[in-house]
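Subject: Structure handover

Dear colleague,

I am passing on the structure we spoke about, and would be grateful if you could look through it before reading my notes. What I found follows below.

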Amino acid sequence: MYLRFAPSPNGRLHLGHAFSALENARIADELGATLLLRMEDIDTARCTPKFERAILDELAWLGVTWTPPLQRQSERFGAYREAIESLQRMGVIYPCFATRADIASAIDAQPGGGTAWPRDPDGAPIYPGLHKGMPEDEAAARIAAGEPHNLRLDMAAALRRVGCDRVSWSESGAGPDSETGIIQASPAIWGDAVLIRKDTPASYHLSCVVDDGFQEITDIVRGHDLFHATALHRLLQTLLDLPEPRYHHHRLIPDQDGRKLSKSSGSTGLAELRAAGKTAQDVRAILGY
């Protein structure tokens, strides 16, 4: 059995990261499983070796141990391309040349405007399908001309491919509505999600699914802000014939205003807490460990 902690080295760890790392370590120990470490450094402009070294130092200070080798997404771009090519052969991928302004304009022009338009679980408007029916020769010509574009999942075609409109997974944690057990959900809540962005070789959704399969992850432990994303991930796993992991979505650690922590919240950063004289034991106690 394998678990993974997968931070992005685009900043220092905060208390939320520390809690997730400790949860992964705890559950791995309970299961007698191996804990792996993955750097989700697909954004090469913002992710740096300096932040990676800092994360490794902070995990060691916190007392979280993991089994080598360290995997970096920046070394896996070829695998993401292979996955996309497989999805393209299935006919469930199409190019989208629309800019954010194009999409916003199309939505605003609908009856009721943008306020009435459906949104995905992250709050982003569902893609209105501007280029979904573009003839293949036109799309190929625009790509050959170097026009920037994303690659989107054709949700309707993907669901036809798997033969159902719902997916399921085993949940031992708790989602936003305290859902546990066997969860059933519709990936369609995400619309035609972007799988490859014009400025990155893969989206989070595609890269984490491909890497979880590659690392043979059996149990995924992560925050419940990703609970709804699991429906999309399970669809991609099914399409790509990848194993189905078990899931455990844990609670989030809020800031003093009750909001989700971010790397910009310096007061909750492990580096700042250490500089203020807090010990690893102090941090563990704050998090209930």
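Tyr2 has Thr34 of strand S2 as its bridge partner, in a model that, please bear in mind, is predicted. That pair belongs to the contact between S1 and S2 (residues 34-39), two strands that run parallel and are joined by four bridges. Taken as a whole, the sheet is open and consists of three strands in the order S1-S2-S3, with parallel pairing; its edge strands are S1 (2-5) and S3, each of which pairs on one side only. Helix H2 packs on this sheet and touches S1, S2 and S3, its direction making about 155° with that of S2. Helix H7 also lies across S1, S2 and S3, and runs at about 145° to S2.

The loop between helix H2 (49-62) and strand S3 (71-72) is the place of Pro69, and the peptide bond that leads from Pro68 to Pro69 is cis, with omega near 5°.

Which residues line the largest cavity? The lining is made up of Val209, Asp212, Gly213, Glu216, Ile217, Gln237, Leu242, Pro243 and Pro245, and by class it comprises five nonpolar, two polar and two charged residues. Helix H7 (residues 204-214) gives the most to this lining, with three residues.

Glu216, one of the lining residues, deserves a separate look. It is placed in the loop between H7 and strand S9 (219-223), and its phi is near 60°, a positive value in a residue other than glycine. Is Glu216 buried or exposed? Because its relative accessibility is 54%, and the cut-off for exposed is over 50%, Glu216 counts as exposed, although it is also listed in the lining of the largest cavity.

A second residue with a positive phi that is not glycine is Asp241, where the angle is near 55°. Asp241 lies in the loop between helix H8 (229-239) and strand S10 (246-250), and it counts as exposed because its relative accessibility is 69%. Leu242, Pro243 and Pro245, for their part, are among the residues that line the largest cavity.

With best wishes

Conventions:
Residues are numbered from 1 along each chain as its sequence is written. This is a predicted model: local features need pLDDT of at least 70, side-chain atom pairs count only at pLDDT 80 or more; totals for chains, interfaces and linings use all residues. Side-chain values use heavy atoms; hydrogens and water are left out. On a 1 Å grid over the protein atoms alone, a cavity is a set of points where a 1.4 Å probe fits but cannot get out, and a pocket is an open set with protein on both sides within 12 Å along at least five of seven lines; lining residues have an atom within 4 Å of a point. Ala, Val, Leu, Ile, Met, Phe, Trp, Tyr, Cys and Pro count as nonpolar, Asp, Glu, Lys and Arg as charged, and the others, Gly among them, as polar. Buried means under 20% relative accessible area, exposed over 50%, partly exposed in between (1.4 Å probe, protein chains only). Two strands pair if DSSP finds at least two bridges between them. Contact means heavy atoms within 4.5 Å. Axes are lines fitted to C-alpha atoms, for helices over the stretch in contact, and angles run from 0 to 180 degrees between N-to-C directions.
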